Every structure is written in structure tokens, then in C-alpha cells.
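Walk through this structure step by step, with the coordinates open beside the text.

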Amino acid sequence: MTGGDWRLPPQPGEVIDRSRTVRFTFNGTAYVGHPGDTIASALAACGVRVFSRSFKYHRPRGILTAGWLDPNLMVQVGDDPNVRAGHRLVADGLDVRSQDTWPSLAFDVKAANQLVGRYLSAGFYYKTFIRPARLWPAYEAVLKRFVHGGQIDIDTPHRQHDKTYHHADVVVAGGGPAGMAAALAAAEGGTGVVLVDEDHDLGGHWRWDPEQASALLELRDAVRAHPRISAYTDSVVIGRYDGNWLGIVVRSPDGAERLVKSRAKVLVVTPGLIERPLVFAGNDRPGVMLGTAVRRLVNLYAVKPGTRAVVQTANAHGDAVVEDLRRAGVEIADVLDARQGRLVSAVHGRRGVESVEVAGGDRIEADLLVVSTGWTAPTSLLNMAGNRPVYDPEAARFFPGPLPQDVLVAGGLAGDGDAKQLTEHAAAVGAEAARRAASTARRMAAVPTRPDDAAALAVDEVEVPIPDLARHAHPELYRTTTHGFLDFSEDVSSKDLHQAVQEGYDSAELAKRYSTATMGPLQGKLETVNAVAAVAEALGSTIADTGTTTWRPPYAPTTLGALAGRSLEPVRVSPMQDWHQAHGAVPLVAGAWIRPDHYGDPVAEVRNVRTNVGIIDVTPLGKLDLRGPGVPDLLELLYVNKWRQLAIGGVRYGVMCAEDGVVFDDGVTGRLGPEHYLMSTTSGGAAAVWEWVENWLQTGGRGWAAHCTPVTTAYASINVAGPHARELLSRLTELDLTAESFGYMQVRVATVAGIDDVVVWRIGFTGELSYELHVPAGYGQHVWEALLTAGADLGVAPFGIEAQRILRLEKGHFIVGQDTDGLTQGFSAELDWAIKLDKADFAGAPELRWQHERGPITRLVALQPLEESSVPPEASQIVTERTEIIGRITSSRHSPTLDRSICLAQLLTEHAVAGSVVRVLTPDGKIVEARVCEQLAHYDPEGGRARA
Amino acid sequence: MPELGSDQATPARPISPLRPAGPATDDSAGVVIEDLCLLTKLTVRAAAASAVAATVGVRFGRAAWHGEILRVGAGPDEWHLLGPTGSSMLADTRHALVAVPGLVSVLDISHGRGLVRMRGPRVSDLLARLTAFDLDDRFVPDGAAFRTSVASVVTDVVRDDRDGPSYLLHCERSSARWLVDSFLTAGADFGATLVDGAWAQPAQ
């Protein structure tokens, strides 16, 4: 067990709980830490200095920032890759491992890449593997072994990542002192505030600044106590989209993420500043740390970062680092102040810092080099709001340009000042944000959901004055006298950027893509400005003239699970679904519907319908209730056939075509009353037909008095089919079912099994005598069971979709979307008998007239393979002797009734000649010869059974 | 020939598309979902400017109680009337609107719609997991009615407060089970439960 030899005595602002310990392993070795420790701080307290190997050269890497953005602290935790050890808190039992190190972190074979480093510079992949192209698979196999990103276990149990919506008046992105001050002022202004911070607690850099300890407590307590502030810690605003549509990723201690979406009325951006690394030779050696890393380690986690330190400083932050180190008992070997012209030129040491070389030649023995030489302004969210940041060479960082009204900025991103100036500025920004949010809310309140007498929302029309912040002068310091790494994630050096420019990639955007600088997991937060500076230097230009790259969402890496959220794919079921499930129905997913495919033996189900009687649940059939005097005109336009003469009690089959003449849907419509009709559609077309009807009613400009109401699921629909259908139904209703009184294509409304208002259609899709019952849905199961009970002696049995498909194919009824496609116009579906071109107008008429004049290109035909047992799969091509495609099989099954193979097919018109034989090419390459039939119906072509 | 059909009641009891656990026994749950699927529900279609709007007495976007019937302005020319099971709402409404000129449609959609009431201290939090709609009191006060996507299902929502925020949600029947199951799953940490519901107008 390795303990915490580098742990300091208690520090005033530490966040660890020393009363408890947690035990975990790193590369198999056991370690202990305290609750509140990050993985990195706990390991550092135990003396670990090397945490990972770099991406390309497998150089040993140690702590750089000690936070979320640390590129050197990516580890595997259990089966979770790419975990930020500078952020993830330790917990008992964590299995932490270094990524892509073999055979060990201490001795990594791939470190041999450094020996050929001169050949692995920018563009190495493009230049080396571009030819010969045939060798790419071999290259790829080798390159895959160098993928640097941990391991994923595909057997890991799937986690649910709940998404949620939190529409705040004001969202403050960044919970440092400025963010808290802005949030508090906004909340005091009467608005609801969401405050988001990436760290485990609010406070930003004040958390590790002992001088601000009391101010932090006061401000943080006020924020926590405010009822209108919702604080999300360990969270980050990952994107800002039009209208302040924000994505917020909320993390949990175990790394699971959840997405919160917010339509913020005002966004206040207060991310603070990110300390920027300095480029020099050996700047990636373990022991080279940024000042913020040292301050975090000492003040938050009570970890001594080294024993003898050199501090390279260029600002007051570096001076504060020196004080922290002294307090931690670290010997200060030297302070190199860039403001006085003293710079580090190189770091030496094999596995970590052993000495620091100062420009001019001095070498200082040390195991720690701390760098505090500049800041990067994380302007990402501002970029996403359309802002182009402007570089200020005096202050050596970018500042925001003009912002839209719904975005404000505070804190270090806005300017410089002491704690009082910055928080006062932020408070003014928060108050103005509240005022603007209230103004937006007042506009949004003009909605019909508010009562007529609701008072208008109050808004202060006077803008809140926001004081200006100064810009403090800061040395422009990006690289010293030597070259070094500027992208630690991708192992890209300043030299690589110079080379990229020399090769012609002479803009920041081009050089970035060529070298992959800023394209690693940090997405430029540490690297962008150094990369731009390197490009500018190579071009002999300035940073201001070179400009920066574009920051796009997401701001931080986000798990796919968080983006996906909960799976919301609605499932629809009929009122008889529980019965189907209880009686062994094999489910079929048909769009959103779950339907019984069969109950065990679809062939037996077909035979039972042909010989006895069967019932099928057809609830998904679309049903539209049409009312009003304008309905006949509407039907006349929607369908290709005629409707004005349909009598009350009559039913007619109709086909709808789109305006291009392509078959769109089919079904029957019955007339229930003088101005009352019930239309049925295909199951899959229900929503589209409703939309089509409403489209004509609302925008057709014809002024029809008609109402269309979808009633698909108001009815449980049951088709009773078979020679005994009449006998069965007669046992449950007093309705006169004789053929004379209730003939084919008629509709009645009756009481069935004691249930009133059952719509009974005498129609049939199966080719048998059949009645379609549309039962008020709540009584669907009652009628279903009543049919099964009443018909037990008649052999009644349920049948499913598969049996229905066989039955309708035997009868030659086509299915829209299966036997037709997106190009099948009406005459190609054998609808000559239905299309009435003498009508004045109907949807698709001009195209159908044209098709009629020139003749259809293809026709729907019935085929019967000569070899009766051979069933060519659906979608098989029909070909000539020379394998020219002349058609395709659209439906095929073995017919239990005829004991032979039967098909429907789309065939070029010149080949659609009854009696001719065509060749069907099956997917396995066989040829099946089939005869073109006289008519579509393979069974009972005269229709006597259905009309019985 | 007269209109086919009748408005007679039937003796058999209809079945709800939901599967409630039974009557509410514990009101401490963060979210209670009451099954009200068997309520009588009507839809009225007419031009908003017509006399129907005045007769129904509520405009698009708002809902109001008239006795034991909740009248909802569900759409620009569409109203929903929700009332107790077995009431004579259909006949009464048709009678009330018979003299109104112009096309008026009154349909009984009781069987075609699933309906639940959601209440409890975490109800707004649970709704926020499944709908993007901003439920802020300023925009969706008590009595607000709107149609939106909830758990990817087109849903009519009425805010009808009872000792705190409470919402009536209804959707077409075949999706009702999915909708409620989505709430039960997403609200498991709130202790969301589905119970038998009872229809009652708010206390005056």
C-alpha cells in the first residue's frame, strides 16, 4: 500500500476529508487518498509523477494543470476510457490504469518513436501512407495499434442518460467570483438563474487563493441560499445556438453525463481565464507545471508539488505561486521574471525535471519548474454567438467584440481589475441581464395560454450602467528561445507549425488541420493562442493579423449517451394487445405499431379463414371522421374515382394519388349519414392522409364546409373473415346480415355483443365473406372475446398479419408501398377501372391523363412460377435472356390454398402479356421461370366468395 | 334515411388502455399519475369566430370549468369537453349547438383518447424530462391549454392546479400506455406511480 508521503499539513482551503481514506489502484498498485481528492491529487500525494505517455512519441507526462483541462492526466477507470484524472474524484475500489502503455507506464516500448521523431513531423501520415494505395489496409492495421484513447468494453451495460429541460431567464456560464456575483445580481433582479461551473464547487480561482477565502465563503453562501438560483456544478455549457438555445452537460461523480437543454433569455459568459503553457525545449517533462496546477495542489488538496522549484513568471499570479510554494516548504531555487527579461530556455531530465536551463546558459538543479506567463480567454461561447474576438497585444490576449443583446460577458474575459472591481462589474452585468431577461419574458408572455386579464409583466426600461474594466499590460510571451510542445494532446511542437507554414499552410485554419494542433481532446483551450502565435511568427506577422481559429460546439467532449438521452420511440398498441400477448402472438413491429404477426402457424391460420372463419385485429387501419356538406367535393378531389352518388349506407373503394399521379394511399369510405362519412386508410398512411386532407381543407382555397377528425384509435377494428363469418356475426347482433339486406360494399351501425355504435363494413381484403367491425375502443377486447366464444363451434380462430398477407396475395390485392413504390403512377397499379379521367378535377389528374395518353411504363401483374414449389424472394429482379432488368417481384408467398408459389410483380408493359413466361433472377443467382397471369387474383377471380 | 347510429349507453364497462395499480394509497409520491381514460371526452369543431365560441365559453389556449365539465380551447377552431363517465355531455352539447349557424361538428372521442392527471411536488420536474415546453408560471399559468410533444407523442396539456401544479394530459389512445410508461420510467427516482383516478372539479 502506497501512502501520502507528499501530503502537506492541513491547508485553510483544502477540500479533502482527512478523517476518511479511500483505497484504489493505479496500474495494479494499491494507493490511498481522501474523499475530495482527485485521482491525480491522490496519486501526487503518494509521489506519483508520471501519469501517462504522450500521443505520438510516448513521452512520459505528468501534471500540467491539475484540473479538467490537463492533457497529461487522461486515464482509464474500469471500462471507462479517457477519464480526466485531474477532475474525477477518487472513490473506494477505483481501478485506474494508464492508457496505451506497453508493457508498462514506466517502460513503454512505443517510446522508441522518439528515435524517429524527425520523420514523424506535421503531415507525416499524409506523406507516408498516401501510396501505394493498395497497401492502405496494411498501414491501417498497424496504425490502429497506435490509437491513443483507452479501451472500450462492448459488453459494458448500457446506462440510461436522462435528458431534461431547464428554461432559465438567465444562464451564467462559469461559477467563479464574477459568475457568482452576476448570478446573485440577476436573481436579485427577480429572474430565475442557472449557474453552471465545470468544477466540483463554485468559486473558480478563489478556491485556491487563501487571500480570498472569506470573500469566497460569503459570496458562495449567498448564492447557495438564493431561492432563484439553481447551481449546476461539475457541469459545462457545451454549446450556444440561435436564440440562446444552450446545451449543458451535467456530470456525476462516476462520470455519467446528462444533458440539460435551456432556452435562456440571456446568457452571461464568465468562464474566467485559462493559464497558458509556455513553449520551450522540454516543456512537457513531468515536473513542469502551470502556476494554477501548483496552487490547486497546495491549497485544495494539500499536496507538495516538488522539493526544489524554479518559477518562471510574468505576472502577479506567478508571484502568488511563489508564496504558495514557500508556505508548502518547497525550496525556491530561482524566480525567472520575464518582466525583467529572464527566461527559461530548456528543461533537462530523463523521466522528469532534473535541471532548468536559463537563457544565457545557467543551469539550476530543480525537480519542479512552475510557469505563469500568460492567459487564454476562452471565447468559445461568444464565438458561437457570432462574435469575433479581437487580439490586444498590450494585454496579450483576445477580448470579445460586439455582442448580441442576449449575450453578456463578465470576469477576466471582459477585462482586468482587482476582486472588488471585477465582482462589481459582474454584478452590474447580472442586473442588466435580469432586466433584458424580463423584457424578453414580457414579449414571450404574449401567448394565448395566459388569461385575458393577466397583468403585463413588469420591465425596467432603464438600462443598468455597466462600468468599464481596464486591460492590464502583460508581456506577449508564447515561446522562449527554443522550440517545444504547444499541443500536448497531439504531440505537436512549435517547430511543426513552422514547418507547416513553410510547406504552404499559411493560415491558422490550414496549419491547424495539417498539423492537428488544437484538434485533440482539449480542442485548443490550452493550445490555440500558442498555435496562432507560432503561425504568426513563422509568417513574420502578428497574432492580431493572423487571427484565431473558429471555436464550435461542443465546448467540452460529451458522451454519446448524454447526447442521445432516453430513447423516445413511441410504441402504439391496440385495445386487444394484452389478449394477443397472453395468447402467444408473435409480435411484428409495423411502424410504431406492435401487431400480431401470427399465433404460431400462419399457414393454418390461412386455411382456417378459407374453410371456417378467422378474426384479425386491424385497429391500426387509419380512420378519419368526415363531416359537413363539403365532404363529397373533398372526396371527389382526393380519390381518383367518383363519389357524388354514394348513398347513405354505401361503401366505396378509393385510391388516392399525389399530384404527380403516384399512388399515395387506398382504402374505403362509407357514408354514415347525409353529411357524415367514415374514411379508412392504410395503416402506414393514416397520418399522411390526415395531413393530406387537412392540407386541402386549409389551403386548397375551395371553401369547402367539411371537418376531418382522426378517429383511428377511437375504434378497435376487427375483421371477421371466412365462409362462416355471417353465421358467427349473426349470433352477436340483431342486424339483418342477409346478402339481400346487407350486401357487399355496404355499411351499417349496429349493436354487436351488447356494444352500441359498432360500425360494420361488409368489405374484404382476404377474398372471403367478411365483415369489418369498428368497435368503440374501450369495448374492443370485449367484442373480440365474444366473437371467439360465440364461434367456437364454427372453428373461429385469430389470424395475424402474415396470414392476411398470404390471403390478400391469393386474392391479388396490392399493398400500397409494397406492390407500388414512389414512382408507381395509377395506371401502373392496374387501376384503369378506378381512375375516372372524365372527372373535372382530382389530385394527380393532369399526370394521370398524360400517363394514360402515353401508356404506363410498367404494369402490376400476377405471376405463377412454373416450378410450383419455387418462391422467388421479394425484390428479385425479372430479367431478359441478356439479363436486362424488365421488372421485379413485389410480393411472393407459397399459397396454402393453391399449394403453389404465387407472386405479384411490376413488369415493363411490353412484357406484361398474359400467358408469356418471364425469367426471375433470385438473389442467389438462380433463374425461376414464371407465367404472367390473366388477372391479379390467383384465387376466386370472379369474387363470388366475398360477395356471398 | 336517418343518421346511422345512436347515442345510447352500453351496459358493458369499457377497458382503460392503462394498467393502474389501483386506488391511490400513498400521497407522498413525488408524482402521482391518475388514470382518467374512461372519462367522457368530446371534440367540437367550428369556426372560432362563430357563435360556437361564445356558447362554449372558452377561447383557444385556455380551459375553464363549467360545473363538472372542463371546457378546453384546444386549437384555433377546436374545443375539447371533458366530463364524468356516463354523462349526457354529447347530447347536451349537440342540443346546445343545434341552433348555431354554420358547420359545427361534435364528436364523442371518449374511446379514442387516453387521459391522465399528473400531480405531486415533482410533477414539473418530471414533465421537464419529457417535454421541451417551457412550463414557467408566467407562460403556462393555471388554466393554460396547449398541444405539444411529450415523450415524442402529440399531447394536449391542460394545467389544472390542485394544491399545487397539476396537469391533465391526453393523447390518442394507442400511445397512452407508452406515454404513461415513459413517465413511470423517467420518474422512477421521484416515486412516480399510476393509480385509479377520480374526476372532480376544483374546490371553489
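A:E694 and B:R45 form a salt bridge, with their closest N and O atoms 3.8 Å apart. The model is a predicted one. Side chains of opposite charge can pair when their charged atoms come close. The rule here asks for a side-chain nitrogen of Lys or Arg within 4 Å of a carboxyl oxygen of Asp or Glu. At 3.8 Å, the pair A:E694 and B:R45 counts as a salt bridge because the cut-off is 4 Å.

How many salt bridges does the rule find across the interface of chain B and chain A? It finds 7. The interface itself draws 55 residues from chain B and 61 residues from chain A. About 4600 Å² is buried between the two chains. Carbon and sulfur atoms give 56% of that area.

Now widen the view. Over all chains, the count of salt bridges comes to 69. One pair within chain A is A:D284 with A:R61, whose closest N and O atoms are 3.0 Å apart.

Next, the helix pairs of chain A. Two packed helices are described by the angle between their axes and the distance between the axes.

Start with helix α4 (residues 177-188) and helix α9 (residues 419-444) of chain A. They pack at an angle of about 40°, and their axes are 7 Å apart. The crossing of α4(A) and α9(A) is right-handed. On the α4(A) side, the contact uses A:P177, A:A178, A:A181, A:A182, A:A185 and A:A186. On the α9(A) side, A:T423, A:A426, A:A427, A:G430, A:A431 and A:A434 meet them. By class, this contact has 10 nonpolar, 2 polar and no charged residues.

Move on to helix α10 (residues 494-502) and helix α12 (residues 528-539) of chain A. Their axes come within 9 Å and cross at roughly 50°. That angle makes α10(A) oblique to α12(A). Their crossing is right-handed. From α10(A), the contact takes A:L497, A:H498 and A:V501. From α12(A), it takes A:A531, A:A534, A:V535, A:E537, A:A538 and A:L539. These residues divide into 7 nonpolar, 1 polar and 1 charged.

The next pair is helix α16 (residues 602-611) with helix α21 (residues 801-811) of chain A. Their axes cross at roughly 55° and come within 8 Å. α16(A) and α21(A) are therefore oblique to each other. The crossing of α16(A) and α21(A) is right-handed. A:P602, A:E605, A:V606, A:V609 and A:R610 make the contact from α16(A). A:E802, A:A803, A:I806, A:L807 and A:E810 make it from α21(A).

Turn to the backbone of chain A. A cis peptide bond joins A:W102 and A:P103, with omega about 0°. A:P103 lies in the loop between β7 (95-98) and α2 (124-128) of chain A. A cis peptide bond also joins A:P553 and A:P554, again with omega about 0°. A:P554 is in the loop between α13 (543-546) and α14 (560-564) of chain A. Now look at phi. A:T518 has a phi near 75°, a positive value in a residue other than glycine. A:T518 is found in the loop between α11 (508-515) and α12 of chain A.

Finish in chain B. Where is B:W65? It is in strand β3 (residues 63-66) of chain B. Leaving aside neighbours within four places in sequence, B:W65 is in contact with B:L70, B:R117, B:D160, B:R162, B:W199, B:A200, B:Q201 and B:P202. B:A21 is 44 residues from B:W65 along the chain, and their C-alpha atoms are separated by 29 Å.

Notes
Residues numbered from 1 in each chain as written. Chains lettered and ligands numbered in written order. Predicted model: local features only at pLDDT ≥ 70, side-chain atom pairs only at ≥ 80, totals over all residues. Heavy atoms only, no water. Axes fitted to C-alpha atoms, helices over the stretch in contact; angles between N-to-C directions. Helix = DSSP H or I, 4+ residues; strand = E, 2+ residues; numbered from the N terminus. Left-handed = near helix turned anticlockwise from the far one by under 90°. Contact = heavy atoms within 4.5 Å. Nonpolar A, V, L, I, M, F, W, Y, C, P; charged D, E, K, R; others polar. Buried area = accessible area lost by both parts, 1.4 Å probe. Parallel < 35°, antiparallel > 145°, perpendicular 65-115°, else oblique.
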